[in-house]
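Open the model in your viewer and keep the selection tool at hand. The tour has two stops.

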Amino acid sequence: MSNLASILESRLSSQRLRWLRALAEASRNRATGIYIVGGVVRDLLLDRPIVDMDISVSGLDEQLASDMADALDGRVTSHSQFNTFKIEIDSTVIDVAMTRQESYANPGALPEVLPGSLEQDLARRDFSVNAMAVDISSDAWGELLDPFNGQGDLNRSFIRVLHPKSFSDDATRIFRAVRYSQRLGFALQDETAMLLQNSLGRLDAISGDRMRHEFQKVFAEACAGPILSRLDELGVLGVVFGPLGRHSSLPWPDWQASEGFSENPPNPEELVWLSTLACGLTPGEAGLFARRLNMDSNWSTVVRDTVAVEGLLDELCSHGILRSRIYQMLNQLHPAALRGVAATHDGSAASGNIHLYLQELQGMRTELTGRDLMALGIDEGPEIGRLLNALLEARLDGSIADRLSEEALLRRMIS
Ligand code: ATP
Ligand code: MG
């Protein structure tokens, strides 16, 4: 059995080490085991940054969680079903959970949960590399528990499920497998790849909310593009979108290379990813996609507007198109949809005009305001809006450029 004490001590801050020791001390004689589990163990062994820490405790209950929080001078901020607690210390959150066993009555349904041993808790996990634990009790500090040979798979760079029914029990693991394999540069182990293919139909059983959540996790990854492209190759997007769905022919944007994005962070925000995902859909498919993911109005608007922007691409390419026309076409549409479509069609004249709108036209204003127009004797009402709009269009097209010329044009319009 390996001991990771020296890795713990070199990789974790002294504050985190103090917390772990305090948690172990508080649970002494009251719990049968205390461990760090899951992703943190994987990332310790891979020498990757540690983000959040998950702790599992055998025999955890509400009283013990509260005593553990006291031992850290923190407080329990949430208690979900199945004795899973969040302990907040200043601005850090540590997840502390009771070790549990799970069984799936129906594929796709949420599992039934009972208290269980650490081994049972590791056996319910998704992949061998996520199914390791490190003992943090003072008696066995640093001991690695690795019943599924996750360490071997880390060395071979494999994502491997723990049993053949894993993907059919919970098809969100299909997304997870692809996400980790791209993030870590790992391959899907052969049998896992085959099981994944055979379980694609199980994605139908995943609720819209859970499916949307999986996409959000993909969008948040630094390598979201390669993950989406792999999901596409494996047929996952085809199942989510239906037979007529996106892609295949459309490239995934390369944000670092794409025009007009150089000043933005390389990984754009989730709504822009959502838009690139909706590119190529017909209006009907876009509606199905929004319903399948049970999207809120913000997400649905981005999907709908993406289809609308793509419908304008031909006109946006037309030679000599007026800047005011570009403005009219794009100004009611969601900026994330504009950015997603521009990046997907990067290099085209249409994409150039979308960037022109985002970077320049969108922010242009007339110098005269509605108040100025009323001071000039125009009655309050829709006429003011119409006149201001005409002034703005003239300004966008460069036929006027200052307040004086705006006033002159206004006089001509109302005379
Ligand atoms: P990340 O770095 O993405 O947070 P993580 O491994 O910490 O990676 P989480 O989604 O935070 O992943 O989940 C924590 C742990 O819970 C995982 O390591 C895995 O052991 C387990 N887990 C999460 N989701 C599932 C699932 N759908 N099926 C089985 N086990 C899961
Ligand atoms: Mg995590």
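Start at ligand 1. Of the 15 residues around it (a heavy atom within 4 Å), select Arg-42, Asp-170, Arg-173, Tyr-180 and Arg-183, which come nearest. This is a predicted model: local features need pLDDT of at least 70, side-chain atom pairs count only at pLDDT 80 or more, and totals for chains, interfaces and linings use all residues. Residues are numbered from 1 along each chain as its sequence is written, chains are lettered from A and ligands numbered from 1 in written order, and side-chain values use heavy atoms, without hydrogens and water.

Now show polar contacts (N or O atom pairs within 3.5 Å). Tyr-180 places a polar side-chain atom 2.9 Å from an oxygen atom of ligand 1. For Arg-125 the distance to a ligand 1 oxygen is 3.0 Å. For Arg-176 it is 3.1 Å. Alone, ligand 1 exposes 590 Å² (Shrake-Rupley, 1.4 Å probe), and the protein buries 76% of that.

Next, select residues 335–344, helix α18, and residues 349–359, helix α19. Helices here are DSSP runs (H or I, at least four residues). How do their axes cross? They come within 9 Å and cross at roughly 145°, with axes fitted to C-alpha atoms over the stretch in contact and angles running from 0 to 180 degrees between N-to-C directions.

Finally, show the side chains. Pro-335, Leu-338, Arg-339, Val-341 and Ala-342 in α18 meet Ser-351, Ile-354, His-355, Tyr-357 and Leu-358 in α19 (heavy atoms within 4.5 Å).

Conventions
Helix = DSSP H or I, 4+ residues; strand = E, 2+ residues; numbered from the N terminus. Polar contact = N/O pair within 3.5 Å; in protein donor to acceptor, adjacent residues only side chain to side chain.
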